[in-house]
Amino acid sequence: MNQESRVSDLPPRPARTTRPTRRTVLGATAAVAAAVPVLGTAVASAAETSAASPKAKVAGGGDLGPNVIVFDPSTPGIQARLDEIFKQQESAQFGAGRYALLFKPGTYNGLNAQLGFYTSIAGLGLSPDDTTINGDVTVDAGWFNGNATQNFWRSAENLALVPVNGTNRWAVAQAAPFRRMHVRGGLNLAPDGYGWASGGYIADSRIDGKVAPYSQQQWYTRDSSVGGWENAVWNMVFSGVEGAPAQSFPNPPYTTLDTTPVSREKPFLYLDGADYKVFLPEKRTNARGTSWGNGTPRGTSVPLDRFYVAKPGDSAATINTALSEGLHLLLTPGVYHLDAPIRVDRAGTVVLGLGYATLIPDGGATAVKVADVDGVRLAGFLIDAGTVNSETLLEVGPRGASADHSADPITVQDVFVRIGGAGAGKATTSMVINARHTIVDHTWVWRADHGEGVGWETNRADYGVVVNGDDVLATGLFVEHFNKYDVQWNGERGRTIFYQNEKAYDAPDQAAIQNGSVKGFAAYKVADSVTTHEGWGLGSYCNYTSDPTIRQGHGLAAPNTSGVKFHGLLVVSLGGKGQYDHVINDIGAATSGDSTVPSTVVSYP
């Protein structure tokens, strides 16, 4: 079993590193609450109050299932149970195991919770400091020979850590959020030995010591506090972070915004006495620092009996009946097959997954469809494309949605999409955002480059994220390997803070990617009709392993107009496997050679 190597044993940080292809070498029972107390200073919404009145035909609340493991400080054998789950999940990249490890408020001593695939660890307090682990929550890469570029799909949330050696190791790649965490020490984002790493995301967290990315090629940190930041490789982006380094892109490549324009933290499960509830943090504008630093966070509380607690095997019809009767939806860990979309039609509905609950649409269905209504919160689940092509996998708002949601936006947080890898899957477009003012806060939308069911046509997926709605904000957007546009933005006044992309490795030749007279589809395309758009810290990488002679005309494409602005752009050829002619449109130098050095543009136009 892989054990953590402590930071004090490591050599001084190395110079910038290059990176190879990612291709594989390869139950708790919830108490039912009787009332909805108000937390912080906010009050429960009218939608919550009215939804609680009728008696539902489908019961809410209940058991959280066998893969939600709840510990309290007196639980015997905690370390042995953590080790058992890690042994099962350490290298199970495309397995069916799903786990949520939940710790009741209190203090735990001498633990090292190593996290493998599809494993979430979280405290059950209202504040991270309610649940303290004198020990570590560790992600390392021993299973992959020290290469952390495939440490996907795991998370830590709502805990305080006192690392044994003063620094906690969190060497993750995509889809591995670190939310509402308080590290009373430092945080090392690299694997033991400083192998390649491709993360990552931190939000609403306080790291008292220094954050040391070392070999991490890119990272996004939002609405947090850090005691310092050690270094940068290609693209480090900060918004609303106390202690963040000053703006200096490209040398070093720090893109720093003083605040985050709009944010609303992810819903989370917690214990109020013996009763499970879900806390819904309130929206913040121009946020800086954590939401919980001044005591009780602001927001509303919803008891678990207002949620339909779904289990693998539940049908879309059963889930939709529960939603139509006014219940929210809690997806317990496991894999769910859907023959029809989950339909979220009621304003204020919460869909919260635990332990990387995974939705697989069968027969070409869309997994989730959201109506053009206020305040829906989607969080914490994975959508895995089925074998029959789906036109879309997630639709936020119907086509033509036009309602103003600025006061109470729809949020999509830690919702991940995968096409291929666990088996052949297909989808024309993975995620479509039609509703105005939607906030997409951390997503990884991934057409697989390795695993089962992978090939240029085998896991065909033309478009990753398509944004049609106006006033949409993306904070932490990771989209990779699509056959055509990875991101296509058609709505007005869109904003993206941090974007990470790789073009599809498996394009067979130049003709396969040709976009008319343009060499390749852009990684991030703003429609020619758009007059206002802005982005900060956007990067695209190419690694055309099937045909290294392929040339990509540019990483980004956007109208040449004063209202369309970008800051801190880069493109990188990974080891010379393919090259870019420009960064954005016909601006920016071409990449060349095999030295994996970015070509950058500080601002556009």
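Two strands are taken to pair if DSSP finds at least two bridges between them, a strand being a DSSP run of E of at least two residues, numbered from the N terminus. The model is predicted: local features need pLDDT of at least 70, side-chain atom pairs count only at pLDDT 80 or more, and totals for chains, interfaces and linings use all residues. Residues are numbered from 1 along each chain as its sequence is written, and side-chain values use heavy atoms, with hydrogens and water left out.

Q: Which residue in S20 is the bridge partner of Leu271?
A: S19 pairs with strand S20 (residues 275-281) in the antiparallel sense, over 5 bridges. For Leu271, the bridge partner in S20 is Tyr276.

Q: Which strand gives the most to the lining of the second largest pocket?
A: A pocket is an open set of points on a 1 Å grid over the protein atoms alone, where a 1.4 Å probe fits, with protein on both sides within 12 Å along at least five of seven lines; lining residues have an atom within 4 Å of a point. Strands S30 (390-396), S32 (427-433) and S34 (463-467) each supply at least two lining residues. The most, 3 residues, comes from S32.

Q: How many residues of this lining are charged?
A: Among the lining residues are Glu395, Arg399 and Tyr463. Asp, Glu, Lys and Arg count as charged. The lining has 4 nonpolar and 6 polar residues, and the charged ones number 2.

Terms used. Helix = DSSP H or I, 4+ residues; strand = E, 2+ residues; numbered from the N terminus.
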